[in-house]
Amino acid sequence: MAGRSCTTTPTVIRASLRLLALALLAAGCAEQGPERVAFVGATILDGSGRTPLRNGVILVRGTHIEAMGPRANVKLPRGTHEVDVSGAFIIPGLVDAHAHVARWALTRYLAFGVTSVRDMHGTMDSALALAQEADLNAMPSPRIFTAGAMIDGVPATYPDAQPVTNTTEARRAVDRLSVAGTNLVKVYTRITPPLLEAIVDEARTFQLPVAAHLGLTDAATAAKAGVSSIEHLTGVPEAAGLAKPLMAAHEKGFFTGWTAFERSWATLDSAALTRVAQQLATTQVTMVPTLALHEIFSRLDDSTLQQNPDLQAMP
């Protein structure tokens with residue numbers, strides 16, 4: 001019995017060639033990828049503590065750094081776009097560890113080299129929407145790690161906070177933050193030690209860090225409870241021996257307590273502060289000092305402060 005012919009028709013050949021051409025084109029596009037940009041000639045500080053690298057090169061492709069080193073040691077691939085940044089300094093992106101983010105400020109963060117921000121409180125829906133837009137690169141923005149709406153005692157200091165009166169409500173407030181998709185939990189000045197313990201325990205279930213602006217809880221107690229950070233160095237004077245008068249001030253109201261807290265630092269002795277510092281160090285809690293904030297508050301009666309061009313440029 002005769003076998004069937006295996007000849008290839010011109011139609012099949014043309015189809016095969018078209019498929020081959022498409023495959024080669026796709027391979028070429030995949031190889032090309034994002035444009036490479038080389039920043040050449042700057043002094044580079046990499047944040048490691050090593051000696052600054054002079055006349056350095058940073059080779060970037062898309063959103064990733066492919067190479068960094070002395071100009072003589074970095075070979076630039078063909079087609080790389082070179083940018084001469086001689087005389088400039090390049091540093092890692094800065095982090096604003098405590099902020100209340102507004103849309104108008106996003107491009108200013110980038111202009112000042114801030115590439116990540118901890119947003120410590122805002123109206124829940126607005127804060128989450130802004131963080132999501134930033135995450136999707138829908139606008140020029142640093143990365144935003146948001147706490148959403150903070151948890152406070154009663155009466156809550158701000159109307160858009162989540163007020164809680166008992167441990168059950170405290171746990172439910174954490175649950176709402178977790179479901180909403182916040183990156184952390186923020187507690188405020190009217191949170192007592194029992195409420196704080198419940199919040200930290202519930203947040204641990206969702207692997208959410210707890211940041212604390214303290215008032216009715218001292219720093220040593222908060223750190224022992226397991227908060228991840230203490231904002232503004234709050235609770236330190238209370239832990240250093242001034243709990244009774246400062247707690248009374250916090251009970252009267254936020255600004256009364258805050259003013260008493262700020263003034264109390266001038267009355268503390270180094271031995272008490274050393275003792276508290278050692279207690280806090282054993283818990284590995286992160287202290288967020290916000291020294292710029294304290295410096296501004298110390299000059300509220302300075303009329304020249306309002307002449308600062310950066311402040312005048314704000315909406």
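Which residues have the most contacts inside the largest nonpolar core? Before I answer, please keep in mind that this is a predicted model, in which local features need pLDDT of at least 70 and side-chain atom pairs count only at pLDDT 80 or more, while totals for chains, interfaces and linings use all residues. Residues are numbered from 1 along each chain as its sequence is written, and side-chain values use heavy atoms, with hydrogens and water left out.

The residues in question are Ile151, Val185, Ile199 and Val227, and the core that holds them has 35 residues. By nonpolar core I mean a set of buried Ala, Val, Leu, Ile, Met, Phe, Trp, Tyr and Cys residues joined through side-chain atoms within 4.5 Å, where buried is under 20% relative accessible area, exposed is over 50%, and partly exposed lies in between, with a 1.4 Å probe and protein chains only. Helix 5 (193–205) is among the elements that give two or more residues to this core, and its share, 5 residues, is the largest. A second, separate core of 12 residues includes Ala99, Ala105, Val114 and Leu130.

The buried residues of helix 3 are Met124, Ala127, Leu128, Leu130, Ala131 and Ala134. They lie on the same side of helix 3, because they cover an arc of only 160° around the axis, taken from the directions from the helix axis to the C-beta atoms. The face turned away from that buried side carries the exposed residues Asp125, Ser126 and Gln132. Just after helix 3, asparagine 137 takes a positive phi of about 55°.

Key
Helix = DSSP H or I, 4+ residues; strand = E, 2+ residues; numbered from the N terminus.
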